[in-house]
Amino acid sequence: MNLTFSQKEKLKNILFQVLVGGFCIFMLYPLLWMVAGSLKSSGNALSATLWPDAMQFRNYLEGWRGFGGVSFLTFFRNSFFISGTATIGQIILASFSAFGFTRTRFIGQKFWFAIMIATVLVPGQILRIPQYIMFNQWGWVGSYLPVILPQMLPVPFFTFLMVQFVRGIPTELDEAAEIDGCSKFGIFFKIILPNLKPVLVTAGIFRFYWSWNDFMTPLLYLQSVTKYPVSIALKMFSDPNAITNWGAMFAMTFLSILPTIILFIFFQRYLIDGVAFSGID
Amino acid sequence: MNNKFEALDSVRSLDAGMNKKKWIKENLTGYVFILPWLIGFLAFLAFPLLRSLYYSLTEYTIVGDPSWVGLRNYIEIFTDDPKFWTSLKVTFYYVVFAVPLRLASALALALVFRKARPFTNFYRAAYYVPSILGGSVAISVIWRQLFSSQGAFNDFLVGMGIMSNRISWIGHPDYAIWTIILLAAWQFGSPMIIFLAGLKQIPKGLYEAAEIDGAGKVQQFFSVTLPLLTPVIFFNLIMQMVKMFMVFTQVYIITEGGPLNRTLVYAVYLYRKGISNGYLGYGSALAWIILVLLTIVTIVLFKTSNKWVYYESEGE
């Protein structure tokens, strides 16, 4: 049987839908399983089926109560506080420093820039013990300072990303503003910052994700349950040796990734373009 | 006409003074702008890192003060710490399988999504989602339950008759590491997006030329796509390798390094020894060893890169 070109294309499209769509369900299975589990009756929550045997919205109410007399309301509030501060601080300060590296001239500029590039690849895990010793000596352990500050001050990755972007903004804009008597600070806030919007959004979302998912730093530095973010709370709430209500565990697990999912749905374009442009992971 | 020269001189010195002022102002402005980064770099990276180099040469526990012991920590780590070697072996095993699996999946799917078909955008987004969730505690918790003995994975295997008994995949000495490798492979979304961007850069003319030369689809892949994609592959390789070398949260939650230390990756060992057990000096030495090792591996990869990475600008 000889197929025409368009018939061949149709066949290929069908094959594509079946294979890629099928594999998609397989890929998303763990997430769907979690959502289904959050609605199932507790005894059945771990079964493989994606069809809940009951519609137990009660799981959410029971899970929300949390543990040790502290509800998930506190944990979510803490997480939003930590991630929100880190994100806003990071995008403003990183773009501020990126401006310094590209649009001002000073002694040692090349040296500091090289240092910044060289430290892009230093993994945070290696710094944990050294930082722990330091924060311990400074008496910061138990407070939010060691959790938030290092995520708020410009990290090399975002600074470099913004440097790349600032370089793309034509210098004619600066010069025109300078003739009008604008200082460097004026240029930054009036000219550069508004033009950086796309990269601010991309960097902001990733900063938020990483801070929201951060597990190790709060584990190291926070000591009282009332200060815990969602990541730590979820780990304790889901302790397999202690848990009895699996439905509630799934419910809280789902709620914990909800902010991430919502941001993804709204800012998909920024995220995917940002990854393609910069290689953010 | 002495006055004229004097006047010129004073103008010059005035100019020099202005320049100096301007110069100081310029420098000051520059440093004010990079100050946030500089503070972060000095306080949270350079200072603790250099201090820990000193601590790595001391005996220092969480309850006492550091006392100088020279290279003793390093000697002990290399000659008398089987767990150090175990954790290195486990980490290399993990990296060697997880990185290629993730990159191969990413490349395969990028090739599939290269051509726009109905719902491509939706699928691409769906395949990307695991990438943004992968590092979260939530996914680790799900994974742990999925592969536990009561979990859904066993339901499938038993239901399809592949296995007759349920086993705990995360508690099995041979399979536990593979549940974590699988989790890493599952998150191929972001390298996939980077590959897609790379594929877009390849000029269409090259494929037309290859076709005229009689190259089939497979040959086109190996002689056009793959060579031109090597810079992107290299970039992904470095980024993913550095990240996976220091995997922590997933292992800490799913297997806690067990069973029988079979999943004791370096970051978990580092945390346990240095912080849970409070051996700060010893832990500092462990941190420095992995930093040096990671630097060496990265340099070696960069050195070998000119043998297999194709750079377009080479001819210019």
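Where in chain B is B:Glu256 found? I traced B:Glu256 to the loop between α11 and α12 of chain B. I note that the model is a predicted one.

Entry 1, backbone angles. I looked up phi for B:Glu256 and found a positive value of about 55°, although B:Glu256 is not a glycine. Most residues other than glycine have a negative phi. I then checked the surroundings of B:Glu256: there are 14 C-beta neighbours inside 10 Å, so B:Glu256 counts as partly exposed, the class between 12 or fewer and 20 or more.

I next looked up B:Asn261, which also lies in the loop between α11 and α12 of chain B. Phi of B:Asn261 is positive, near 60°, and B:Asn261 is a residue other than glycine. B:Asn261 counts as partly exposed because it has 16 C-beta neighbours inside 10 Å.

I found a cis peptide bond joining B:Gly258 and B:Pro259, with omega about -15°. Most peptide bonds are trans. I placed B:Pro259 in the loop between α11 (249-254) and α12 (266-276) of chain B.

I recorded 64 residues from chain A and 70 residues from chain B in the contact. On the side of chain B that touches chain A, helix α1 (residues 2-55) of chain B gives the most, with 20 residues. I sorted that side of chain B by class and noted 49 nonpolar, 16 polar and 5 charged residues.

Terms used: Residues numbered from 1 in each chain as written. Chains lettered and ligands numbered in written order. Predicted model: local features only at pLDDT ≥ 70, side-chain atom pairs only at ≥ 80, totals over all residues. Contact = placed C-beta atoms within 7 Å. Helix = DSSP H or I, 4+ residues; strand = E, 2+ residues; numbered from the N terminus. Nonpolar A, V, L, I, M, F, W, Y, C, P; charged D, E, K, R; others polar.
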